[in-house]
Amino acid sequence: MAISATTSLLAAEPQPIALDWAATALVIIDMQRDFFEPGGFGETLGNDVSQLARAVAPCASVLAAARAAGILVVHTREGHLPDLSDAPPAKIERGAPSKRIGDPGPMGRILIRGEAGHDIIAALYPLDDEIVIDKPGKGAFYATELGEILANYGIENLLVCGVTTEVCVNTTVREANDRGYRCVVLADCCASYFPEFHEMGLNMIKAQGGIFGWVSDSAAVLEAMTPETLATETTNQRTMGASQ
Ligand code: C5J
């Protein structure tokens, strides 16, 4: 990887990774009311939605740091068109939820674009100039413009946060891995309705020498990404360059 003025080393497993922040995007997956709040899609599936709350504060701290450092921020939302034309019948019919996708609920129709439940939670709400990708599937690359946008910005590395670890986070990381991105999943910025799936979802990414990518956390990112750290890295690299 080319060393640039904005490259620094991020503590991660299975090994630290050098990230060029200018080629890195923060991707925040599906932090929507439909997954976090009672009456939404997650709860209709029988899940304890309170399990996801632990990821919010760490993710908010990384989001604030990324904004301060000028890192590209991308938010995603899982959901469907009001006429359900982008929702496969196999997805709608599956299982025995208390309400199905498109049914009316307390936050509007379940998992439908434009409804209150589809919106991103207040603590992580996108700024007006941030990219929001609406996706009909679990993976953020499937049937979206994400790949084209990342290419236009020269992005090579993704810091990935969001819910749920083993479903949309894992699917997106696998899609990104096949497209050549280096993915770093931030463990405490992700959550699952099933803590054991969260752990295994992370293990699957970092096993076998990082078969799908790396796992790090919010503290490591905050240390590596501050404007001061970036300035120090820049100074170090200038010094190294001068002594060569
Ligand atoms: C799920 C997601 N779990 N965003 N969606 O259905 O992970």
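This report walks through the sheet, the core, the ligand shell and a hairpin of one predicted model.

## Ground rules

Residue numbers start at 1 in each chain and follow the sequence as written. Since the model is predicted, local features need pLDDT of at least 70 and side-chain atom pairs count only at pLDDT 80 or more, while totals for chains, interfaces and linings use all residues.

## The sheet

Let's start with the strands. Six of them make an open, parallel sheet, in the order β7-β4-β3-β8-β9-β10. Strands here are DSSP runs of E with at least two residues, helices are runs of H or I with at least four, and both are numbered from the N terminus. Two strands pair if DSSP finds at least two bridges between them. At the edges sit β7 (131-135) and β10 (214-216), each pairing on one side only. From one strand to the next, the twist averages 25° (axes are lines fitted to C-alpha atoms, for helices over the stretch in contact, with angles from 0 to 180 degrees between N-to-C directions).

Inside the sheet, β3 (residues 24-29) and β8 (residues 157-163) run parallel over six bridges, and L26 faces L159 in β8. Helix α8 (residues 218-225) packs on the sheet, where it touches β8, β9 and β10; its direction makes about 125° with that of β9.

## The core

The largest nonpolar core holds 63 residues, and V160, V185 and L186 have the most contacts inside it. Such a core is a set of buried Ala, Val, Leu, Ile, Met, Phe, Trp, Tyr and Cys residues joined through C-beta atoms within 7 Å. Strand β9 (residues 182-191) gives the most to this core, with eight residues.

What about V27? This residue belongs to strand β3. V27 counts as buried because 28 other C-beta atoms lie within 10 Å (buried is 20 or more, exposed is 12 or fewer, partly exposed is in between, with C-beta atoms placed from the backbone). Leaving out residues up to four places away in sequence, V27 touches V74, A140, L158, L159 and V160; contact is C-beta atoms, placed from the backbone, within 7 Å.

## Around the ligand

The ligand is surrounded by D30, F35, E78, K138, V163, T164, V167 and C168, each with its C-beta atom, placed from the backbone, within 6 Å. That shell has four nonpolar, one polar and three charged residues. Ala, Val, Leu, Ile, Met, Phe, Trp, Tyr, Cys and Pro count as nonpolar, Asp, Glu, Lys and Arg as charged, and the others, Gly among them, as polar.

## A hairpin

Strands β1 (residues 7-10) and β2 (residues 17-20) pair antiparallel over four bridges. A hairpin of six residues joins β1 to β2, and L9 has A18 as its bridge partner in β2.

Conventions: Two residues are in contact if their C-beta atoms, placed from the backbone, lie within 7 Å.
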